[in-house]
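Open the model in your viewer and hide everything but the cartoon.

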Amino acid sequence: MTDTARTARTGVPERPTLNGLEETWSRRWQEEGTYAFDRSKQRSDVYAIDTPPPTVSGELHMGHVFSYTHTDLIARFQRMRGRTVFYPIGWDDNGLPTERRVQNVYGVRCDPSLPYDPEWRAPEAPVDDAARKDPAPIPRRNFIELCERLTRSDEQAFEALWRRLGLSVDWSLMYTTIGPAARAASQRAFLRNLARGEAYQAEAPTLWDVGYATAVAQAELEDRERPGAYHRLRFHAPGGREVLIDTTRPELLPACVALVCHPDDERYAELVGTSVRTPVFGVEVPVRAHPLAEPAKGTGIAMVCTFGDLTDVTWWRELALETRVVIGRDGRLLPEPPAGVPAQPYAALAGQSVNGARRTIVDLLADAGDLVGEARPISHPVKFYERGDRPLEIVSTRQWYLRNGGRDADLRETLLARGRELRWVPEHMRHRYEHWVSGLTGDWLVSRQRFFGVPVPVWYRLDDAGEPDWSHPLTPEESALPIDPSEDAPPGYDESQRGLPGGFAGDPDVLDTWATSSLTPQIAGGWERDPELFRRVFPMDLRPQGQEIIRTWLFATVVRAHLEHGTLPWRTAELSGWILDPDRKKMSKSKGNVVTPMALLEQHGSDAVRYWSANGRPGTDLAFDPAQIKVGRRLATKLLNASRFALGLGAADALRAPATEPLDRAMLAELATVVVTASAAFEAYDHTAALQATESFFWRFCDDYIELVKERAYGSGAGADSARAALATALSVQLRLFAPVLPYATEEVWSWWRYGSVHRAPWPTTYEVGRAIHGDGDPELLRLASDALGQVRRAKSERKLSMKAGVPLAEALGPAALLDQLTLVVDDLRAAGHIGKLDLLPDRTPQLVIACAF
């Protein structure tokens, strides 16, 4: 399976360097299959990771490096623990971000009415602003080919960065969310949802992004604070009573279908059940009561329009109101008024943008004497598509939905229970999941009116008048997947019948990108494509991801696995924190404070950047700090140099020999505690605690232990043999403890004196360390020796002397028992401190004091 076991030792270089290690070792790892998944193993031996496929529509940033490094730390640890790690990589390349990027780069837009042109050639990129503002129409298939071309280029750049960062993925398992396997899996899952009644189609009010010209799901919304204004309108009730309404959207007046007040609001009690007339249009609308009305908001009675916001949708549905839609999919008012609305006043609004119509209706209200007072400026939250730049509208469209508990209390409770089955790292992230699921107001809208995505795999019969039969969609056989209904004909039909009465029409929509990404465990794991592989990896062990997509990717994946397999898709979810800029603000492209990683990787080295990432715990925000990256490079450099020094003392030939001297046994005993701490931390997904324990010991090992024993190690005899044996074991163990964080430096050092790859070596154990200790070891002895040496160093530093300066006489004062312990290491202390004579004076001080005379 791998050639790493036969990789020869390279010997210790005279001047080790970090420069060039990424290129050397990333190539070797690929050539030797170091991280290849072993398909022969049983499920109990496998650790499977559902790796996030990054969206291929721009540049990776430090947030990606941060979270993907965390995943790699776990993958490397589990591999060294003896598991065969299923660690794929994917690219999320379909959907709106890719389409928008193609439009901006090439200055084109998709026009599905145009026939495919095999001779068409893309313009030179990038294009100018004029081309972006007035994009040229191109056929659908040409547009899709252009999307595929651009994503391939982006994917190559992403792969280069991930390889340099040292992700230990198996590149042979790479997939894309627009590739044939993903399309087939996504369509198969949808068709099975449809067959079980979990997917359905409905004509309903839909959140609509005018800029992207597509429907948007609840999970993709975000509130943005925007300026607005309250306008007070005068409605006319029977008997001459005036009813005043405050609204921020007067342009929706022709869409008004009711006024709503709270059932307990006595001010309007006598109006409930009657009708009032709208200003300007004079349309009679009912007054109804509903508990969602807020008596303290505005005048306490609200105008219900179809549709201004989600509350309008709730009132419209629960009060069974009429429908008067006035805003079209282009964000403009429709050319014709809805039924019952007079054409003459509406004509002034027809075809206008929302903002233009708002100005016009305000003028009409003022002319009619039905605008009360001046507009009152406010700031209020407005719903946007998370990737959009224009406020969402609500239009009536026919869409596909997937049941997710939003309208099914039993399914909602089941999905909440699934969340409690899952191990959350950190645990408090579970509350975000529960808050989202508990607050769902509708099912998952999974269709999109776009082009570059997985097509909805259905067709519709056309009746004799050419109208589609929506209620009985035609579906393909699973064996035919993937299919494209815009190019493929349904079973029993041929292409000549497309669009004709008595023939068929393909569904023009594509599936939401999350409808495909929610199947990454199935896509990567070979569901129905490779049953043996799927049996070995599903359900997976780990889902690492960002906290902001709990409501989308995590929840959607739980929904799909529950509906299809009756299980969770993985056992553990590890959530990342945010990357903050130096001002503690979240990094984002919109804020312009994003740092791209390639230059940092080239300047400081991948190990240094990984070290910075590893200092952030799951679910905890981490500030971007170049100084911390420099610390990481210093650590990796020290690892090279300290290893070279230890191996230069002959440690390589002393591996597995016993450590017999007290100080050597003490050092190894403390190292054994580090192994316990680091192992337990990694098992708990706390890579930061593992790194801190390992790094803290390493610096004491370098600064104190090596200095204490190097004179002895240079010599001969039992004492020297013991020092070299301890150095060999310590170096071997520490290289493996650091290997997940510093893969390049540790692999380089390992190659100097060991065979194979450090990343295929077993994770160190206390048994292994204990076996090298001849007798017992007391970690306190190393701390005592370090304290004593530190006092000698301070005395020299205070006198501005070299650390190699001799100390003619030194006195050790302290409790007798402590000095008895010090006698065990006194020779090493005298050698390291260059002390001529060291006198021990017991019971003179309550704690250890080393007094130096110069």
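Start with the largest cavity, which holds about 140 Å³ of space. The model is predicted, so treat each stop as computed from it.

Which residues sit closest to the centre of this cavity? Select A219, N404, W444, R551 and F555 and show their side chains. These five are the closest to the centre among the 18 residues of the lining.

Next, colour β18 (444-445) and α15 (550-565). Each of these elements gives two or more residues to the lining of the largest cavity. Stay on α15 for a moment. The largest share of the lining comes from α15, with five residues.

Now colour the lining by residue class.

Move on to the second largest cavity. About 40 Å³ of space lies there. What lines the second largest cavity? Select L18, L21, E22, H604, G605, S606, D607, R633 and Y744 to show its lining.

The lining of the second largest cavity divides into three nonpolar, three polar and three charged residues.

Last, zoom out to the whole structure. How many cavities of 30 Å³ or more does a search find there? The search finds five.

Note on methods
Residues numbered from 1 in each chain as written. Predicted model: local features only at pLDDT ≥ 70, side-chain atom pairs only at ≥ 80, totals over all residues. Heavy atoms only, no water. 1 Å grid on protein atoms, 1.4 Å probe; cavity = no way out; pocket = protein on both sides within 12 Å on 5 of 7 lines; lining within 4 Å. Points joined across faces, edges and corners; volume = space filled by probe spheres on them. Helix = DSSP H or I, 4+ residues; strand = E, 2+ residues; numbered from the N terminus. Nonpolar A, V, L, I, M, F, W, Y, C, P; charged D, E, K, R; others polar.
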